[in-house]
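Here are my notes on this one, as promised. Have a look at the model before reading on.

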Amino acid sequence: MRITLQGIGLDYPGPRGPLRAVDGLDLEVAPGEFLGLIGPSGCGKSSLLAMLAGLRAPSAGRIGFPGWTGPRPPRRLMAFQEHGLLPWLSVLDNVAFGLEAQGMPRAAREARAHAMLRRLGLEGFATSRPDQLSGGMRQRAALARLFVAEAEAMLLDEPFSALDAQTRVVLQQELLDLWSGTGRSVVYVTHDIEEALLLCDRVVVLSARPGRVIADITVPFPRPRRIMGPPPPEVAALRWRIWDMLAPTITPPAA
Amino acid sequence: MAHLLALLLAAAAWEAAARAGWVAMLLFPPPTIILAWLVESLRNGEMAESLMASGQRLVLGFGLGAGLGTLAGLAMGLAPRLHRALDPVIAALHPMPKVALLPLFLVLFGFSEKARMVPVALVAFFPAAIAGAVAVRAIDPLLWNVARNYGAPPLMVLRRLVLPGAWPVLRAGLRLSLNAAIVVLISVEMLSGNDGLGAAVWQSWQTMRVEQLYGTLLVLAMLGLVFNRCLGR
Amino acid sequence: MLKRRGWTRIARVAARAGRVLGLALCLAALLPAAPRAERVKLVVLPFLSQAPIFIALEEGLFAREGITIEPVALSSSHLALPGLMSGDLDAGIPQASPALFNAVARGGRARLVASGVMLAPAPCSYAAFYGTGLTLAALTSGEARSLRVSADPNAFEGFLVDLLRQRRGAERLQVQFREMPVPAQQAALAAGALDLAFLSEPWVARLDQAGVGRVAVGAEELLPGGQFTALMFSERMLADGQALGRRFLRAYRAALVRYNEGKTPRNLEILARATRLSPELLERACWPSMPADGALNLDSLLAYQDWLRQRRLIDRVLAPSDLVAEITP
């Protein structure tokens with residue numbers, strides 16, 4: 001499924017009138033593409049994701065799904081930085097949440113959820129509550145909930161930023177393994193340049209507020225990727241190119 | 001265990017003080033006399049009768065009041081406009097002394113059993129409604145986004161998000177409701193009850209048999225303990 | 001000599017000092033013998049039945065006996081009993097009730113000393129079963145009836161109900177007790193939700209005025225001369241050969257005499273102020289009988305206790321000597 005964003009603008013209510021967080025943003029997500037969104041804090045990355053998910057309406061412009069012919073709007077499901085698991089539900093019920101929302105009968109959705117838990121090594125925790133899990137396992141459960149629902153597009157908002165470095169790498173690899181072969185589009189928001197390059201087919205760099213596209217970079221890293229080892233030298237070089245673009249937006253301009 | 005020991009020690013001290021004449025027996029009868037009355041009233045069925053009458057009023061009055069209160073509270077929590085409209089009404093009606101209005105309720109409800117349950121239901125309503133509204137608004141907005149994003153239908157949102165999410169705060173409100181209901185029930189029965197624990201309390205003063213007061217209060221404490229335990233700690 | 005003279009002077013000074021000291025001591029000893037003001041904590045209930053207390057207070061009858069009253073305002077005689085029994089309150093006019101009998105039976109030290117309200121035949125009823133049209137004749141006609149009565153079955157009115165049922169022709173009366181606050185009774189009678197309500201003044205007059213109905217059976221018809229309320233003294237009032245009690249009782253009797261002058265303008269004025277009832281209502285209300293000599297009806301107290309004992313509401317029947325303290329003026 002293709003997603004197009006045209007002339008997207010977003011205003012925040014500010015103390016002195018509306019504050020423009022995103023301005024005139026054009027973007028296209030190709031079918032089956034793993035797209036990274038990177039930019040300084042406050043450039044509207046997360047808001048953009050919320051707009052893509054339909055949780056928030058843009059102040060200007062439109063989001064379209066050209067070629068989509070389904071009976072309902074395409075499902076765009078999110079994964080959140082703070083996992084967003086329901087603390088009173090078992091891990092199994094959490095993972096099956098999306099399927100339940102689609103009206104799937106209990107036996108069928110539990111079978112699928114179990115299969116997904118097995119795949120992610122969480123089968124022993126099906127009846128546990130989220131607060132009985134480690135941070136890494138919670139994000140794994142959140143990924144399980146996301147992928148078992150088989151949405152047309154998946155929107156991930158810095159899902160691993162709160163994890164330690166080792167756990168993060170393991171989960172990044174698991175994410176790629178889960179995604180590969182699904183043919184679904186992914187939009188991945190991060191402010192970690194290296195993570196964006198390791199995971200994404202294409203990285204879009206946004207400017208500081210108001211957020212606009214300042215670069216659109218295709219990552220020359222063939223799939224399937226093994227990200228546990230050192231990345232190819234082209235990827236390492238790209239990292240500094242993006243850093244050079246972002247650095248001036250991070251350093252506050254001299255008064 | 002420690003509770004029980006402390007209770008026994010206090011009872012023993014009371015007993016000794018009463019027997020030695022350090023406290024007025026008339027107002028502070030020793031625990032053995034209270035227990036003897038309690039045993040006798042349990043044996044002859046008087047206590048069971050009182051408990052049945054009060055328990056029935058409490059269950060119906062509290063159930064109705066707290067049930068409607070919970071519904072109103074959840075509705076207010078879910079609909080901010082409803083909350084803005086009802087909040088001042090609740091704020092104004094909550095402090096009304098429901099027992100003071102008992103004569104009115106008796107007239108309005110034809111002097112029936114209903115009239116005695118109305119004040120109980122009313123006091124139970126408000127804490128449940130207030131807690132319900134707060135409880136819903138206290139649910140993490142992230143979880144609302146999750147439910148919306150996954151397209152959960154309204155009934156599922158209620159069952160999976162609103163009810164379990166609101167439960168901890170709601171439960172505290174229901175405990176307050178329950179205890180307010182018990183206090184008012186006893187007052188109502190003292191004023192107008194032919195039966196029930198409140199009538200027994202009133203009778204104990206009318207006959208100056210204070211052991212009956214303490215014995216009844218002891219049963220009431222047990223009743224409170226059991227009902228509150230049903231709502232969790 | 002000088003020495004001796006010196007000593008005599010010292011002795012003379014000492015003697016003079018001694019005389020002064022002695023005089024002072026004598027005076028001090030004399031003072032309590034004079035009618036010194038004694039403080040009495042007196043229970044004041046806002047009822048017509050407390051009329052002698054109001055009159056004695058307003059007319060300075062207590063002050064004349066050298067008694068300073070510390071009024072303790074309460075809303076019900078039940079609230080006064082524990083204090084009277086323990087001696088924290090000195091005097092009051094409570095209702096004869098199972099609480100009073102039990103409190104004395106269990107070692108309470110207060111005693112009844114004089115009559116308050118007595119259910120004496122009068123042209124009107126101070127306390128009565130009020131209905132919307134029923135009469136004693138109708139109730140004792142032998143007809144089977146089911147009566148819904150607002151009364152406490154375990155109190156004095158319960159005794160009166162049983163006395164009614166013992167009347168010839170009332171054998172087939174069925175009584176259901178419905179307890180409710182007094183203000184609700186009026187509406188219940190008017191709505192037909194009640195057949196009889198036990199009332200005392202000023203409610204009888206109020207309901208008459210509102211056209212609710214009429215007195216069906218006066219309390220005095222069921223228990224003529226019955227002791228309804230009585231003056232009670234704490235232990236302190238009876239100590240020292242009843243010295244303080246005797247003085248109080250003198251004031252009380254004087255007030256009873258004034259009260260028995262009837263609805264004089266002065267009595268009306270005093271009672272209107274004390275009970276906060278309107279003079280018009282007081283004028284219309286039936287004033288309770290209170291014998292001017294204050295003599296208690298011991299038979300009625302015994303009969304009431306017998307009934308209470310049968311209903312197991314009191315521990316034992318008190319002999320008059322246990323319940324009443326005779327005070328000789």
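This is a predicted model: local features need pLDDT of at least 70, side-chain atom pairs count only at pLDDT 80 or more; totals for chains, interfaces and linings use all residues.

1. Residues are numbered from 1 along each chain as its sequence is written, chains are lettered from A and ligands numbered from 1 in the order in which they are written, and side-chain values use heavy atoms, with hydrogens and water left out.

2. Take a look at H11 of chain C, residues 235–259 (helices are DSSP runs of H or I, at least four residues, numbered from the N terminus). Its end C-alpha atoms sit only 27 Å apart, while a straight helix of 25 residues would reach 36 Å (1.5 Å times one less than the number of residues). H11(C) has a kink of about 130 degrees centred on C:Gly241 (the angle between axes fitted to the seven residues ending there and the seven starting there).

3. Now chains C and B: they bury about 2,000 Å² between them, 58% of it on carbon and sulfur atoms (accessible area lost on being put together, 1.4 Å probe, summed over both parts). C:His78, C:Arg106 and C:Glu179 supply 29% of what chain C buries there, more than any other three residues.

4. The rule finds two salt bridges across this interface (a side-chain nitrogen of Lys or Arg within 4 Å of a carboxyl oxygen of Asp or Glu). C:Arg106 turns up again here, in a salt bridge with B:Glu211 at 2.7 Å, N to O. On chain C's side, helices H4 (77–86), H5 (98–105) and H8 (182–191) are the elements giving two or more residues.

Terms used: Buried area is the accessible area (1.4 Å probe) that two parts lose on being put together, summed over both.
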